[in-house]
Amino acid sequence: MTDLTQLGVKDIRDGVRAGDFTAREVAEGFNAAVADAAALNAFIVTTPDHALAAADTVDAARAAGADLGAMAGVPIGMKDLFATDGVQTTAASHILEGFTPRYESTVSQKLWDAGAGMLGKLNLDQFAMGSSNETSYFGNVTSPWKKAGSNAAMSPGGSSGGSSTAVAARIAPAATGTDTGGSIRQPAAFTGICGIKPTYGRCSRWGVVAFASSLDQAGPMARSVEDCAIMLGAMAGFDPKDATSLQMDVPDWEAALSSDLRGKKVGIPREYRMEGTDQAILDSWEQGKAWLKDAGAEIVDVSLPHTKYALPAYYIVAPAEASSNLARYDGVRYGLRDLPDGSGLQDMYAATRAAGFGDEVKRRILIGTYVLSAGFYDAYYTQAQKVRALVARDFERAFAECDVILAPTTPTASFPLGENVDDPLAMYLNDVFAVPASLAGLPAMSVPAMLNEHGLPLGLQLVGRPFDEQGVLNAGLAIQQRAGFKAAPEKWW
Amino acid sequence: MSVDKATVAKIASLARISMDDAALERMVPELNGILQWVEQLGEVDVTGIEPMAAVIPNTLRLRDDVVDADPLTGGGRQGDVLANAPAAEHGFFGVPKVIE
């Protein structure tokens, strides 16, 4: 029998439907793979019983001749930023350690309704703040990949590093991610998998621990474009409980997948040719152009003149929103309370937050507090919001000349854990290519292209018009078919 | 603009994060590095540009004026609301005494 843990979303769903294997066999296989992979530290908690119960429900429904959902029989990893009823939800922070929601996030509920089960809650950068998965209170996640000739532990990217590691290591066929400034795409690129951030508002934010509300968006991470299309369809949809949820129908992205790009124009933004970008990344970009041309697309040059200002604008807007969102962690309603002897309410707040937040989270709260404070608000925050408008306008103008934009996902391949931890700015630069699409709220995807000279995966990024996830997925599919990326990390854990 | 230790202490106090001297000292150069880097935004000509708060044009909806329209976010869930409180007392959130 085939090793079921090698299968992705589509193959599992189709196999369960056809009766080639049961959902329970799949869940048991992945539960065992998860239990065997503790060395990766991808999960904060595992929930094998949840996966088995969901599988049994699917198997019973099939036996009864009932219709099976789009994710029926697929056990997934859930980023620990989604509230899950009765299962600890921490955002990888100490301040939420032990927090057990009494409700289910909209996105996770939709996945369970579609027949998916949960293998566990995936590790991440604390409050999704980080690009290497080194800020979690529950320890670093280690990538399953190794640099050729080295045994150093590599970064799985961040913030969805538990998700990228689990999917790349084949201990989960797919996982949820969230992307505020690249947190789905950058880890997907680092680990040789696919990940798509849909248009802002496609997936409900209700029940997702908030980082920067005008940017946060959930999306799927999986090993193929088809799997992403299927899972995104199950996650997306209008939710009256999220004021920014898009009130529009969810297209059948899977059914409309087509890698025939004849008549499509692919824009190449000249400002993305930045100093400090690896030669191998630039080479992969050239290769990507050739692949899309081969699929029938016309390649055109476009300009996104404010690209270099997107990242600094992001590092004002996102911390500002974070400082406001994270004010809720006060030691009163949920989570940690640190009440030094004889102290009052204000001391309790300050002590709780000092003990509960990690360094990167504190840094961003302080930056956010500063840029929002009286006297600095206009110089920093308002200016950043205006630059954000210009970044969005750049894309609008570019999309008058092309249908989808092709760019690298990251300026470098994965790096060893520990390499960038002492330099916050160097770490932030990881997201230089990912952040512009986040600021503009556009759908964007990373697909694996090739391995670099050290045997590490490189990703290519596709950015589409608002609501045009289909165009992004189709171009991604064209790359996937031509790249033929089949590389998998060798099991060492 | 750059921040000194006293400014960082003030921000930390506004953010309700207690920080000792060593932590403040460590934070000063880190914050200054970031602030100096974001300063480049000042170069951008933003004449006539409206600050962007929402990326996708969307109007805020009003829900129907119905009690418990969605039971998930409606009332009658005191037990659930208090379930994760570090010090729930008599059906309320307990806090240290604030009035002498």
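Biologist: How many of the residues of helix α7 (residues 225-235) of chain A are buried?

Modeller: This is a predicted model, in which local features need pLDDT of at least 70, side-chain atom pairs count only at pLDDT 80 or more, and totals for chains, interfaces and linings use all residues. Residues are numbered from 1 along each chain as its sequence is written, and chains are lettered from A and ligands numbered from 1 in the order in which they are written. Helices (H or I, at least four residues) and strands (E, at least two) are DSSP runs, numbered from the N terminus, and a residue is buried if 20 or more other C-beta atoms lie within 10 Å of its own, exposed if 12 or fewer, and partly exposed in between, with C-beta atoms placed from the backbone. By that criterion α7(A) is mostly covered, and its buried residues number 11 of 11.

Biologist: Which residue just after α7(A) takes a positive phi?

Modeller: The buried residues of the helix include Glu226(A), Asp227(A) and Met235(A). Just after α7(A), a positive phi of about 135 degrees is taken by Gly237(A).

Biologist: What is the handedness of the crossover from β2(A) to β3(A)?

Modeller: β2(A) and β3(A) pair (DSSP finds at least two bridges between paired strands) in the parallel sense over 5 bridges. Within that pairing, Gly77(A) has Gly120(A) as its bridge partner. A crossover is called right-handed if, with the strands pointing away from the viewer, the path from the first strand over the helix to the second runs clockwise. Here the chain passes from β2(A) through α4(A) to β3(A), and this β-α-β crossover is right-handed.

Biologist: How many residues lie between β10(A) and β11(A) in their hairpin?

Modeller: Strand β11 (residues 457-464) of chain A has 8 of its 8 residues buried, so it is largely enclosed by the rest of the structure. In the turn of the hairpin, Gly455(A) has a positive phi of about 75 degrees, and the number of residues between the two strands is 5.

Biologist: Where is the cis peptide bond from Gly158(A) to Ser159(A) placed?

Modeller: The bond from Gly158(A) to Ser159(A) is cis, with omega near 10 degrees. Ser159(A) is found in the loop between β3 (117-122) and α5 (161-168) of chain A.

Biologist: Is Ala91(A) buried or exposed?

Modeller: Ala91(A) is found in the loop between β2 (75-79) and α4 (106-113) of chain A. Its phi is near 55 degrees, a positive value in a residue other than glycine. Because Ala91(A) has 31 C-beta neighbours inside 10 Å, it counts as buried.

Biologist: Which helix supplies the largest share of the side of chain A that touches chain B?

Modeller: The contact (C-beta atoms, placed from the backbone, within 7 Å) takes 60 residues from chain A and 46 residues from chain B. Helices that each supply at least two residues of the chain A side include α9 (307-325), α10 (345-356) and α11 (359-372). The largest share, 11 residues, comes from α12(A).

Biologist: Which residues of chain B does Leu366(A) touch?

Modeller: A nonpolar core is a set of buried Ala, Val, Leu, Ile, Met, Phe, Trp, Tyr and Cys residues joined through C-beta atoms within 7 Å. In the largest such core, of 176 residues, Leu366(A) is among those that touch the most other members. Not counting residues up to four places away in sequence, Leu366(A) touches Val8(B), Ile11(B), Ala12(B), Ala15(B), Met27(B) and Leu31(B).

Notes
Contact = placed C-beta atoms within 7 Å.
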